[in-house]
Amino acid sequence: MQTNFPEGWKLTTLGDISRVRRGASPRPIDSPEWFADEGPGWVRITDVTKSKGRLRSTEQYLSPSGALRSVPVKPGQLIMSICATIGEPAIVEIDVCIHDGFVVFDQYDKNLDTQFLYYFLRYWMPQFRAIGQTGTQANLNTNIVNATPIILPPIQEQQLIAEILNALDETIAHTTSIIAKLKQIKAGLLHDLLTRGLDENGELRDAIAHPEQFKDSPLGLIPKDWEIFKLSEVVPRAEYGISVSLEDEVGIPVLRMNNLKNGEVDLTDLKKSGSTQAEKLLLQNFDVLFNRTNSIEHVGRTGIWRGQISQASFASYLVRLVPDTSKLIHEYLNIWLNLPSTQLLIRRYATPGVHQVNINPTNLRKILIALPDTISEQKQIVEKVSVIDSRIGEEEAYLEKLKLQKKGLMHDLLTGKVRVNQVKNNLAIPVTA
């Protein structure tokens with residue numbers, strides 16, 4: 001713990017500024033007599049991890065006899081997990097009871113703010129997890145928690161620090177909600193675009209107002225001018241990547257499965273190869289890469305190469321899909337492969353291996369695809385998808401910036417390295433204090 005801190009701050013311990021009380025469980029824990037359809041909530045770690053720091057509901061409730069054998073926690077009190085998933089804090093907003101995998105902080109020093117303590121505990125979480133005693137599972141005890149050092153500012157500054165961090169949390173939550181809504185909008189848009197298509201004015205066709213513009217197909221109702229193909233008919237080539245060591249410090253970057261995210265290529269954590277294989281198998285602009293083997297949730301990942309760096313190759317468990325560009329453009333293929341319905345079919349075609357599943361290019365190219373009769377309509381569809389993808393990307397970049405800002409501010413503000421008046425006016429979020 002640091003020894004230099006601002007004047008007016010004091011070094012103390014959690015046990016000196018609060019009582020740390022461990023929870024308790026009725027025994028035997030699996031007896032139905034302890035539980036009911038209503039009553040005080042019975043807190044489990046899953047309730048806390050999904051609460052985002054404010055516990056407003058639980059999946060289970062205790063009966064009166066169960067509650068008598070546990071430890072009650074009132075709204076406004078702060079709890080923290082000390083077993084298995086260590087160090088997860090939450091401020092309780094309903095009547096609950098905690099078992100012995102949690103502690104509750106109460107009987108505060110008059111100069112301690114609950115929200116400040118919450119942010120300190122979240123800041124200190126990595127240290128708690130590093131020192132958790134190891135038995136059958138990692139855990140802390142109340143002695144460790146009591147002895148945890150904390151630098152305590154005056155309570156007015158605690159409240160200002162908590163308000164700044166809370167404002168960041170609210171902005172993070174709001175941005176996360178926006179991203180989720182945009183992804184829902186995109187899912188609906190994709191369905192409409194790839195079943196209704198666009199008319200000569202660039203508007204979605206209307207199957208109800210103009211049923212004559214549509215026809216039945218193996219994939220359902222589609223525009224009458226569209227056709228259904230097997231991928232093999234419009235993707236004549238599928239090329240495996242290189243099988244070489246990727247431990248070279250210099251050479252050509254080689255894309256792997258983890259570099260394919262949400263239909264795009266992510267250049268994070270690139271490996272390199274100095275082999276001649278990598279030199280001979282280079283990516284071309286708009287190549288579509290497909291992950292053919294891994295766990296079931298990872299098979300079928302795709303990414304489209306947009307020439308982000310001058311040269312790159314790709315690993316053997318990726319496949320380069322080469323469409324007939326007179327019938328199918330790369331971006332449309334990439335969008336089609338990422339449809340939920342297509343991803344489901346990919347998983348059905350995957351065959352189990354010893355430790356992972358596989359889908360070979362032959363099986364992949366059995367999948368059906370619905371194609372507009374003109375390349376121009378494909379391009380219009382791609383453009384409409386790219387607009388919402390850009391918006392999602394902007395919001396995700398903003399979210400990442402907020403998270404990094406919060407991480408830095410937690411350290412700076414909770415250690416006194418930076419004072420409240422130095423950051424409050426520079427935040428791009430509303431802080432009322």
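This is a predicted model: local features need pLDDT of at least 70, side-chain atom pairs count only at pLDDT 80 or more; totals for chains, interfaces and linings use all residues.

Modeller: A pocket is an open set of grid points with protein on both sides within 12 Å along at least five of seven lines, and its volume is the space filled by probe spheres set on the points.

Colleague: What makes a residue part of the lining of the second largest pocket, and which residues lie nearest its centre?

Modeller: A lining residue must have an atom within 4 Å of a grid point. For the second largest pocket 22 residues form the lining, and K52, Y118, D169, I172 and K406 lie nearest its centre. The elements that each supply at least two of its lining residues are α2 (45-49), α4 (114-131), α6 and α12, and α6 gives the most, with 6 residues. By class, the lining of the second largest pocket divides into 6 nonpolar, 6 polar and 10 charged residues.

Colleague: What is the volume of the largest pocket, and which residues are closest to its centre?

Modeller: The largest pocket has a volume of about 1100 Å³. Its lining holds 32 residues, of which K186, K261, N262, G263 and D389 are the closest to the centre. Two or more lining residues come from each of α6 (155-196), β19 (260-261), β20 (263-265), α9 (330-337), α10 (340-349) and α12 (375-415). The largest share, 8 residues, belongs to α12, and the lining as a whole has 10 nonpolar, 10 polar and 12 charged residues.

Colleague: Why is α9 called largely enclosed?

Modeller: A residue counts as buried when its relative accessible area is under 20%. In α9 this holds for 8 of the 8 residues, so the helix is largely enclosed by the rest of the structure. The buried residues are H330, E331, Y332, L333, N334, I335, W336 and L337.

Colleague: How do you know whether L364 is buried or exposed?

Modeller: The relative accessibility of L364 is 1%, and because the limit for buried is under 20%, L364 counts as buried. L364 is found in helix α11 (residues 361-364). Leaving aside residues up to four places away in sequence, L364 touches L231, F290, L321, L337, I346 and I359. Between the C-alpha atoms of L364 and N338, which are 26 residues apart in sequence, there are 13 Å.

Colleague: And N201, buried or exposed?

Modeller: N201 has a relative accessible area of 61%, and because exposed means over 50%, N201 is exposed. N201 has its place in the loop between α6 and β14 (214-215). The C-alpha atom of N201 is 33 Å from that of K261, and the two residues are 60 residues apart along the chain.

Colleague: What makes a group of residues a nonpolar core, and which members of the largest one touch the most others?

Modeller: The members must be buried residues of the nonpolar kinds, joined through side-chain atoms within 4.5 Å. The largest nonpolar core has 41 such residues, and L14, M80, F105, L117 and L121 touch the most other members. Its largest share, 8 residues, comes from α4. Apart from residues up to four places away in sequence, L117 touches L14, L78, F105, Y108, L112 and I150. A second, separate core of 35 residues includes L194, F290, L333 and L364.

Colleague: Why are β2 and β4 said to stand at the edges of their sheet?

Modeller: The open sheet has 5 strands in the order β2-β10-β7-β8-β4, with mixed pairing. β2 (19-22) and β4 (54-55) each have a single partner strand, so one side of each is left without a neighbour in the sheet. Two strands pair if there are at least two bridges between them, and β2 is joined to β10 by 4 bridges, in the antiparallel sense. Within this pairing, R22 stands opposite V103 in β10.

Colleague: Which strands stand at the edges of the sheet of 6 strands?

Modeller: The order in that open sheet is β17-β26-β22-β24-β20-β19, with mixed pairing. The edge strands are β17 (237-240) and β19, each of which pairs on one side only. Strands β22 (residues 288-291) and β24 (residues 302-304) pair in the antiparallel sense over 3 bridges, and L289 stands opposite G303 in β24.

How values were computed: Residues are numbered from 1 along each chain as its sequence is written. Side-chain values use heavy atoms; hydrogens and water are left out. On a 1 Å grid over the protein atoms alone, a cavity is a set of points where a 1.4 Å probe fits but cannot get out, and a pocket is an open set with protein on both sides within 12 Å along at least five of seven lines; lining residues have an atom within 4 Å of a point. Ala, Val, Leu, Ile, Met, Phe, Trp, Tyr, Cys and Pro count as nonpolar, Asp, Glu, Lys and Arg as charged, and the others, Gly among them, as polar. Buried means under 20% relative accessible area, exposed over 50%, partly exposed in between (1.4 Å probe, protein chains only). Contact means heavy atoms within 4.5 Å.
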